[in-house]
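Here is a short report on nonpolar cores and aromatic pairs. Look at the structure first, then read on.

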Amino acid sequence: MAESGFSMDRITKSKSTMAIIVGSLLALFGSFMTWASFAGLSIGGMGDGRDGTISFVVAIATAAVAIFLKGNARKWSVVAGAAIILFVAIANMLDINDAGLSIGIGLWMVLIGGIVAGVGAFIKD
């Protein structure tokens, strides 16, 4: 079973943990921002039936896993969270592009956040 525990010192000195948290925060904040725009109108990621809720919840869970778990459980849980975030971002980018809309900054933040969190899982401290 993986060790768990919270240590502020462990978080701030760990490049891996910091990368995962930064990536998760990018995805979290991007979830609230513009995902698509057209002719001056913008559509955010949050709302009825929108996938920003998924990226928001998974980003919080991924950051929590980075803080509280260690070892392989941490690594593969973060990879799973980052994969879900990336899937949400890419699927929405394809849908938005197919609809002839412009991809908004929030969706780019979700995509980059998922990449950063996923890479963070593999950084050796």
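Trp76 is partly exposed, at 47% relative accessibility. Buried means under 20% relative accessible area, exposed over 50%, and partly exposed in between (1.4 Å probe, protein chains only). Phe122 is also partly exposed, at 43%.

This is a predicted model: local features need pLDDT of at least 70, side-chain atom pairs count only at pLDDT 80 or more, and totals for chains, interfaces and linings use all residues. Residues are numbered from 1 along each chain as its sequence is written, and side-chain values use heavy atoms, without hydrogens and water.

## Aromatic pairs

How many aromatic pairs are there? The count is two. Rings of Phe, Tyr and Trp (its six-membered ring) pair if their centres lie within 6.5 Å; planes under 30 degrees apart are stacked, over 60 edge-to-face, the rest tilted.

Phe32 and Phe56 pair edge-to-face, 5.2 Å centre to centre, with 80° between the planes. Phe32 lies in the loop between α2 and β1 and Phe56 in helix α3, so the pair ties together parts 24 residues apart in sequence. Helices (H or I, at least four residues) and strands (E, at least two) are DSSP runs, numbered from the N terminus.

Trp76 and Phe122 are edge-to-face too: 5.8 Å centre to centre, 80° between the planes.

## The largest core

A nonpolar core is a set of buried Ala, Val, Leu, Ile, Met, Phe, Trp, Tyr and Cys residues joined through side-chain atoms within 4.5 Å. The largest has 14 residues. Trp35 and Ile96 are among those that touch the most other members. Helix α4 gives the largest share, five residues.
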